[in-house]
Amino acid sequence: MKKRLVVSVVTASIFLSSPAFATNGYFTHGYGMTHKGMAGAGVAVSEELMSAANNPANLQVKGSELSVGLELFAPDRNYAVAEVNEFFPGAFYLQGPGKRSAKTLFAIPEFAFGQQLNDQVNVGILIYANGGMNTEYQADAMPEGTFYAGTTGVDLKQLFVSPTLSYQWTEQLRVGVAPVLVVQQFSAQGLASFAPFSQAPTSLSDNGSDFSSGIGLQLGLTYLVSDAFSVGASYRSAVSMGEFDQYAGLFAEQGDFDLPSALQVGLAWQINRSHQLLLDLQHINYGEVSSVANPIGNIMSAPLGASNGAGFGWQDMTVYKVGYQWQRTEQQKIRFGVSYGEQPIPSSQVLFNILAPGVQEWHFTTGLSQSLTANVQMNLTAFYSPTKTVTGANFLAPNQQLSIAMQQRGVGASVAWAF
């Protein structure tokens, strides 16, 4: 009963917390405070229960363990509109100089419980947020606002619930499997001006929150090559989500918003007793999801909400991650990390991506783990992602230049108990 209550409280807290942009498109840059401190690297190592969110094979528990964490995430999103000297009839010009999104601080919880069944098998459950996106460009009323329809923005939350099993197959090889239940919530406002482009104008904007769900699968393995080297790999399948019926006139395929598949591989090098270097590569297949990948140019040949309706025009993203751990004392580890991935938004797609400026590329991180007692550990992390700007033509008024930009900061903490 106590465990069920904890899970219920944490699940509710995730949905009550405000969403925000994650840092690699709309995926978070890592799961678990230890891995966030290394820019998300570490698919080949187990540092905590939440390591299993990066790779289910890394669920390695001694007895029973519980972990609870919270990240405070501070993104700064804005867009800018350049002045034009000539206005052409029929074009859709935005009013300058631009706006900055409201809501700049978000709380993102995480929860994990693990149990060792025997020397070979561990089981657990993880609850965490994948990321999401949020923008809110405020306006007093119509016809003011980014798109002349009042306050404008979107609000996407994604919750993962992942029962996980890991198995020590051989002395060197460990494998893991985790069904992934995904529940997401979405709302949009201030988009009514695009009604002439929609196949379902009443299901385009300002319809409150809608929900959808789906089930995917994550597989992983780690292999101990030698005392100094280990490798890891994890694949999470695409997740076919239910449709957002309230926004069937916005997203392609009648309100569909699936989750793309993702692959992460990595190497861990134990340089000596105190120092470890981690090298990871992650590939996110945004191109699999029509509502995310379809270019804005489709708006001229298919209505919003149609199978080939316009989307955000995102491309696949490959992220390179480097992490470093220093075992300073028996009770303390210090971490650093850096990652880079070319952002997924072409300059030709800036108009719709005012709503979704997921343009971050570089991330610089640090972290600390401190054993408080023999059974309690605290993990801390902080990260910074410098401002990235993408500039391109307004697709519906090509002689007008638009820019989207974002900067991010965040800190997080978790506490783990062994019992």
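Helices here are DSSP runs of H or I with at least four residues, and strands are runs of E with at least two, numbered from the N terminus. The model is a predicted one.

Q: How many helices and strands are there in the chain?
A: Counted in that way, the chain has six helices and 15 strands.

Q: What makes the radius of gyration of the chain agree with that of a compact globule?
A: The rule for a globule is 2.2 Å times the number of residues to the power 0.38. For 419 residues this gives a value near 22 Å, and the chain has 22 Å, so the two agree. Along the principal axes, the C-alpha atoms fill a box of roughly 70 × 40 × 35 Å.

Q: What percentage of the residues of the chain count as buried?
A: Buried means under 20% relative accessible area. Of the 419 residues, 56% count as buried.

Q: Why is T28 called buried?
A: The cut-off for buried is under 20%. T28 has a relative accessible area of 10%, so T28 is buried. This residue lies in the loop between α1 (2-16) and α2 (33-36).

Q: What makes the pair T28 and K36 a polar contact?
A: A polar contact needs a pair of N or O atoms within 3.5 Å, one able to donate a hydrogen and the other to accept it. The side chains of T28 and K36 are joined by such a contact at 3.0 Å. The side chain of T28 also reaches the backbone oxygen of G30, at 3.2 Å.

Q: Why is D206 called partly exposed?
A: Buried is under 20% and exposed is over 50%, with partly exposed in between. D206 has 46% relative accessibility, so D206 counts as partly exposed. Its place is the loop between β6 (173-189) and β7 (210-224).

Q: Which residues is D206 in contact with, leaving aside its neighbours within four places in sequence?
A: Contact means heavy atoms within 4.5 Å. On that basis D206 is in contact with A188, Q189, G190, L191 and Y247. For G190, the backbone nitrogen lies 3.3 Å from a polar atom of the D206 side chain.

Q: How far apart are the C-alpha atoms of D206 and A149?
A: They are separated by 10.0 Å, while the two residues are 57 residues apart along the chain.

Technical notes: Residues are numbered from 1 along each chain as its sequence is written. This is a predicted model: local features need pLDDT of at least 70, side-chain atom pairs count only at pLDDT 80 or more; totals for chains, interfaces and linings use all residues. Side-chain values use heavy atoms; hydrogens and water are left out. Buried means under 20% relative accessible area, exposed over 50%, partly exposed in between (1.4 Å probe, protein chains only).
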